[in-house]
Amino acid sequence: MKHLSFFSLLLFSIVVSAQDENLISKSKAAQIELNEEFSNPETTILEPEDFKDFHGLEFYPINEKFIVEAKFVRTPDEKPFLMPTTTSRTPEYVKYGEAHFSLDGKDFVLNLFKSTQPYDEPGYEDYLFLPFTDLTSGDGSYGGGRFLDQRIPEGNTIIIDFNKAYNPYCAYSARFSCPIPPKENDLLIRIEAGVKDFGKH
């Protein structure tokens, strides 16, 4: 019986380790894809002068601590609202749900939003928008906050991988209009994961 318990525990550890490695691999792949997009003159939003000293985006080291499994609470009775941006543009969103999670022994909640306007590209029907700020905003990461792309989960949990956090286009050029993360999505913790600040723009 002791041997059976040992092998069951070993098998569980192997499965958990494989799942962690898979998530980390996805984090790396997302960062590589983002870097390739910015490095390619055909897909980049960077200006030609930006390429003079551009050697790729800078990221915090990938840290599995910042891959969290959150409790997902749907909020079906929310009313649509106009989200402020860095310009006069005000896209309409609705709060779709809340992600409840813990980091470093502290409890946090992030609101996730869904656009009321359908996306032009197919495959985005279940897309959720997660803008946030944290204690690195303006001190290592872009001061205007960062974004995460999420999908509506089937169940009551959602994986949030902060290693995939990316900058709004406004971090690279003032010619873009970018949503401003709402105050309730300000995390009082340093999220040292994802892309770092690009510089002064």
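The lining of the second largest pocket divides into five nonpolar residues, three charged and no polar. Nonpolar here covers Ala, Val, Leu, Ile, Met, Phe, Trp, Tyr, Cys and Pro; charged is Asp, Glu, Lys and Arg; polar is the others, Gly among them. That pocket holds about 180 Å³ of space, and among its lining residues are Asp20, Glu64 and Ile159. The elements giving two or more residues to this lining are α1 and β1 (67-74).

Some ground rules. This is a predicted model, where local features need pLDDT of at least 70, side-chain atom pairs count only at pLDDT 80 or more, and totals for chains, interfaces and linings use all residues. Residues are numbered from 1 along each chain as its sequence is written, and side-chain values use heavy atoms, leaving out hydrogens and water.

A pocket is an open set of points on a 1 Å grid over the protein atoms alone, where a 1.4 Å probe fits, with protein on both sides within 12 Å along at least five of seven lines; lining residues have an atom within 4 Å of a point. Volume is the space filled by probe spheres set on the points, which are joined across faces, edges and corners.

Now the largest pocket, at about 1400 Å³. Its lining has 43 residues, with Tyr124, Tyr127, Phe147, Asp149 and Tyr166 nearest the centre. By class, that lining has 25 nonpolar, seven polar and eleven charged residues. The largest share, nine residues, comes from α1.

As for the fold, there is one helix and there are seven strands (DSSP runs numbered from the N terminus: helices H or I, at least four residues; strands E, at least two).
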